[in-house]
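Dear colleague,

I am handing over the structure below, and my notes on it follow directly after. Please read them alongside the sequence.

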Amino acid sequence: MPFVELFVPKGSFDQERREKIGGRLVSEVMIAEGAPDTEVARSISWLVVNEIDAWFVGGRQLPAGEKPKYVVRVGVPAGSMNDDKRRDIVRRVTRVLADADVDPGRFTQATAAWVHINEVPEGNWGAGGEIVRIEDIAAMVTSG
């Protein structure tokens with residue numbers, strides 16, 4: 001199940017855009033992962049939005065009003081990904097961002113958004129005070 005972090009410059013993210021992105025981003029990652037669409041799977045698939053005070057590109061702070069840049073980090077258990085799933089996540093995340101933007105065409109350029117897929121090594125994911133392994137997550141989402 002994914003843990004998704006969205007980074008965007010402060011002030012460039014109105015409520016409508018937040019809802020468009022927030023409502024779809026995790027579900028699109030879940031689809032790419034091949035996760036079941038169950039209440040339990042959704043309950044452990046999170047999105048956190050980080051609005052950044054100062055955003056620099058190439059040593060230059062982005063001026064107020066410039067089209068926002070995005071960084072999306074997707075954390076998934078190691079062993080749950082292959083190149084096709086990674087590619088699908090990147091495409092889906094980029095599409096969600098583009099669909100919520102006034103200039104969707106700019107997402108064909110690497111300067112609009114970066115997607116980082118972080119595969120958390122087995123034994124480094126925890127919940128409820130315990131180590132959670134990939135088979136524990138699979139059992140939880142398929143049985144619940």
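Leaving aside residues up to four places away in sequence, E5 touches V48, N50, V71, V72 and R73, where contact means heavy atoms within 4.5 Å. E5 is buried, with a relative accessible area of 18%, buried being under 20% with a 1.4 Å probe and protein chains only. This is a predicted model, in which local features need pLDDT of at least 70 and side-chain atom pairs count only at pLDDT 80 or more, while totals for chains, interfaces and linings use all residues. Residues are numbered from 1 along each chain as its sequence is written, and side-chain values use heavy atoms, with hydrogens and water left out.

E5 belongs to strand β1, residues 3-9 (strands are DSSP runs of E, at least two residues, and helices runs of H or I, at least four, numbered from the N terminus). The open sheet consists of four strands in the order β2-β1-β5-β6, with mixed pairing (two strands pair if DSSP finds at least two bridges between them). Because β2 (46-52) and β6 (113-120) each have a single partner strand, they stand at the edges, and one side of each is left without a neighbour in the sheet. Strands β1 and β2 run parallel and are joined by seven bridges, with L6 standing opposite V49 in β2. Helix α2 (residues 25-33) packs on the sheet, where it touches β1, β2 and β5 (70-77), and its direction makes about 45° with that of β5 (axes are lines fitted to C-alpha atoms, for helices over the stretch in contact, and angles run from 0 to 180 degrees between N-to-C directions).

Best regards

Note on methods. Buried < 20%, exposed > 50% of the residue type's maximum accessible area, 1.4 Å probe, protein only.
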